[in-house]
Amino acid sequence: MQDLLIKNGKVLIYQDEDMIIEEKDILVQNGKIAKIEKDIEPYENIMMPEKNSTPKLKEMSIQIQKNIKDEIKIIDATNHIIMPGLINTHAHIPMSIFRETTEGCKLYEWLQDKIWPIEAKLNEEDIYWASMLSYVEMIATGTTCVNDHYFMTESIRKATKDAGVRTVLTRVLMDTDGKDAGKQRINEFQELYETREKDNDLITYTVSPHSLYTCSDDCLQEAVKLAKLYELPVHVHFLESIDEIQDIQKQHGKPAIEVLKQYFEGIHTILAHGVKLMNKEVETLKAMDCGIAHNPVSNLRLGCKIANTTKYLQNGINVAIGTDGQGSGSNLDMFEAMRIACLIQGGIHENEERINAKDGIKMATINGAKLLGLDDKIGSIEIGKDADIILVNIEEKLDNITMLPNLNLIANLVYNTTGKNVDTTIVKGNILMENRKIKHIDVGKVIEKCKEIVNRLY
Ligand SMILES: [Zn+2]
């Protein structure tokens, strides 16, 4: 793997609980951040040939310099913010082909009338290409890690490897449509997990019941067993909409929070949404090993109201950001999700302290890493962590007109930046996009294939 030296950029660094932006260079060796300093020289240890060296020595010295130059790539980050790659903690990767099918629908209507009938017609190849379309979108908008929640995962896994984006995979479990179907899904998850490549640390796994209302007690019990057996986190939709509250009560004979506690206490649990948390639920979650994947765009789009993330964070509950699938979340642009996550808190906290831009950035980076159990590797620019890094263009030019005159870089990242301002996306030292060019994926072919799928399905 080629080493990288990212020079002349403004680096977003976490300092204790705060964050700062400083002009520094970053050296990436073997996919990891090796140095963050001012003026790192790429060839500092190379002996230059002296004037009176023999021709042979001169030639050797030139050859050594050439070899080192081949091994290190220099990226000029002048007029760029260098920040940790964004971490999308809740998505349904193949749902690119459901983009904008939700107009005017409530959650249940949309799932039952528009999503589930079409999902039943999807084949493995559809899932692969639909996933590739999402991966292109992620790379192009600065997402370097995603937490998936879907099925036909073998095809998603193939796309994950081709795309190079760090991914948490699963095979979603549910059984309210039949016990046999439920067992089949559990078998598929086990098969998926047992056939993982153990040396590929860009792919990790969760055990993922769809929700408490689509899983019987038996199904949740099985999920707990698998999570304990494989020592994996759980990823589940939880209290996304008002209808769910009654359905969980009907399915399990007790309130949602009690079902959650009964099964998942002691297991690290990623709760997608958590819109409907009252004080009592917040108190219970505080004592559990869990956090919220907050999906502001999807929640607003489906009329699920606004999660009080300010309150959750004030109570010490980890909150990260997700986009949900494009069906309800519109797109995978984590900058948009971050901006809306911050803005909507003003709609429920009148004249009160609420989350700010720095909280938004943390939610989209380090909090996400913690939620996925990956904070020893990603989520911040720190020596020893993997180089999951993006470069955001802040040059004073027409494309960046909404940022100018660049008075507050951190606030600009949240309120005036979109994924389209990301020039370069790097995962574990691999450049997936440079100067907005993606070379390892045939983007035209991906778009064409997805058009064919959509023409067949709709
Ligand atoms: Zn979801």
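Aromatic pairs to start: a search of the whole structure finds 8 of them. Rings of Phe, Tyr and Trp (its six-membered ring) pair if their centres lie within 6.5 Å; planes under 30 degrees apart are stacked, over 60 edge-to-face, and the rest tilted. Take tyrosine 193 and tyrosine 205. Their ring centres are 5.3 Å apart and their planes stand at 85°, so this pair is edge-to-face. It links distant parts of the chain: tyrosine 193 sits in helix 5 (residues 179-194) and tyrosine 205 in strand 9, 12 residues apart. Helices (H or I, at least four residues) and strands (E, at least two) are DSSP runs, numbered from the N terminus. Tyrosine 193 and tyrosine 205 are both buried, meaning under 20% relative accessible area, where over 50% is exposed and in between is partly exposed (1.4 Å probe, protein chains only).

A second pair is tilted: tyrosine 263 with phenylalanine 264, 6.4 Å centre to centre, 50° between the planes. Both tyrosine 263 and phenylalanine 264 are buried. There is also one aromatic cluster made of Phe189, Tyr193, Tyr205 and Tyr230.

A word on the model. It is predicted, so local features need pLDDT of at least 70 and side-chain atom pairs count only at pLDDT 80 or more, while totals for chains, interfaces and linings use all residues. Residues are numbered from 1 along each chain as its sequence is written, and side-chain values use heavy atoms, with hydrogens and water left out.

Now the sheet that holds strand 9. Its 4 strands form an open sheet, order 6-7-8-9, with parallel pairing. Two strands pair if DSSP finds at least two bridges between them. At the edges are strand 6 (86-91) and strand 9 (203-205), each pairing on one side only. Neighbouring strands are turned by 15° on average, direction ignored. Axes here are lines fitted to C-alpha atoms, for helices over the stretch in contact, and angles run from 0 to 180 degrees between N-to-C directions. Strand 6 joins strand 7 (residues 143-148) through 4 bridges. Alanine 91 stands opposite aspartate 148 of strand 7. Helix 3 (residues 124-141) packs on this sheet, touching strand 6, strand 7 and strand 8 (166-169), at about 140° to strand 7. Contact means heavy atoms within 4.5 Å. Helix 4 (residues 153-163) lies across strand 7, strand 8 and strand 9, at about 170° to strand 8.

Next, the metal. Which protein atoms are the donors of the zinc ion? They are His90 (NE2), His92 (NE2), His237 (NE2) and Asp324 (OD), lying 2.1 to 2.4 Å from the zinc ion. Donors are N, O and S atoms within 2.8 Å of the metal (3.2 Å for Na, K and Ca); water is not among the atoms, so sites may look incomplete. Along the chain the spacing is H-x1-H-x144-H-x86-D. Histidine 90 and histidine 92 are both buried.

Strand 10 pairs with strand 11 (residues 269-273) over 5 bridges, and valine 236 has leucine 271 as its bridge partner.

Last, strand 14 (residues 389-393). 5 of its 5 residues are buried, so strand 14 is largely enclosed by the rest of the structure. Strand 5 (residues 80-84) pairs with strand 14 in the antiparallel sense over 5 bridges.
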